[in-house]
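Hi everyone, thanks for coming. Today I'd like to walk you through one structure, and we'll look at its charged pairs, its core and a pair of helices.

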Amino acid sequence: MKESGLDLKSAMQFSTILPVGSDNVFRPVGQVAMFPVVGLILGGILALTDALLSQLWPPMVVGILDTVLLMILTGGFHLDGLGDTADGLFSHRPKERALEIMKDSRSGAMGVLAMIAILSMKWAGLASMAEPGWSRALLLIAIPSLARGSQIIGIGLLPYARKEGTAHDLFGDVSLVKRLRFVILPVLLVLLTGGRGVMVLLVHALLTAVLLLWYRKKMGGITGDMLGAMTEITEGFLFVAAAAAL
């Protein structure tokens, strides 16, 4: 249990700004399985805040405030990866040049447009979902977790596309099934919402498959930025899917 606790702490320090202690713990291989748990924590904060905000403002305002909250809680970590990935993959350059573009700290036009598009999708989905209640709360808790589960699949099915890099340490000789064990939690939560939950899971499976096939075709692998992009893209599409009229 102590080891799992350290893994969770490492995962939270790695991808959120939540205070989990002053001492830095970096266990890259062990933290990967805990990504969905981090998502559940973020989703829980989101659901609680959403319930409070809904008492004061209409859905459109609550939607944008929810979107900003998620961005703040993660410090824009995955959003930055989305921008870098869009700049690199849409540059239509060879793999090595695309990787260089991704490492550039400056944001290009495609990166800015990608971030605006995904943030807009999140806002639209959150503003259009069901009225405050248990179904909405379950979806708000589960979707950030499912989005981070996509990262585990990416790490498990694609090789690291760089010779070296920060995310390289996340790739270890650990079975994908073992790493995915906590994904069952958000899956069960969304299934409790009925048909809407089934829609969310179908979109999640299809989108993850499409992104991984695209990554493999374009880059032959995956990078840390591309993992972050998966999280943001999946989260945006799942919030929209959760708002479908079913």
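**Salt bridges, core and helices**

Searching the whole structure turns up eight salt bridges, a salt bridge being a side-chain nitrogen of Lys or Arg within 4 Å of a carboxyl oxygen of Asp or Glu. Please keep in mind that this is a predicted model, where local features need pLDDT of at least 70 and side-chain atom pairs count only at pLDDT 80 or more, while totals for chains, interfaces and linings use all residues. Residues are numbered from 1 along each chain as its sequence is written, and side-chain values use heavy atoms, leaving out hydrogens and water.

Let's start with Arg136 and Asp66, whose closest N and O atoms are 3.8 Å apart in a salt bridge. Arg136 sits in helix H8 (residues 134-157) and Asp66 in helix H4 (residues 59-73), so this pair ties together parts 70 residues apart in sequence. Helices here are DSSP runs (H or I, at least four residues), numbered from the N terminus. Both Arg136 and Asp66 are buried; buried means under 20% relative accessible area, exposed over 50%, and partly exposed in between, with a 1.4 Å probe and protein chains only.

Is Glu235 buried or exposed? Glu235 is buried, at 2% relative accessibility, and Arg148 is also buried, at 2%.

For contrast, take Asp104 and Arg106, a salt bridge with its closest N and O atoms 2.8 Å apart. Here Asp104 is partly exposed at 26%, and Arg106 is exposed at 63%.

On to the core. In soluble globular proteins, nonpolar side chains tend to be buried together. The largest nonpolar core in this model has 57 residues, and Leu82, Val200, Tyr215, Ile222 and Phe239 have the most contacts inside it. Such a core is a set of buried Ala, Val, Leu, Ile, Met, Phe, Trp, Tyr and Cys residues joined through side-chain atoms within 4.5 Å. Helix H12 (residues 224-242) gives the most to this core, with nine residues.

Finally, the axes of H11 (residues 195-219) and H12 come within 9 Å and cross at roughly 150 degrees. The axes are lines fitted to C-alpha atoms over the stretch in contact, with angles from 0 to 180 degrees between N-to-C directions. H11 and H12 are therefore roughly antiparallel, the word used for angles over 145 degrees.

Definitions and conventions:
Helices (H or I, at least four residues) and strands (E, at least two) are DSSP runs, numbered from the N terminus. Angles under 35 degrees count as roughly parallel, over 145 as roughly antiparallel, 65 to 115 as roughly perpendicular and the rest as oblique.
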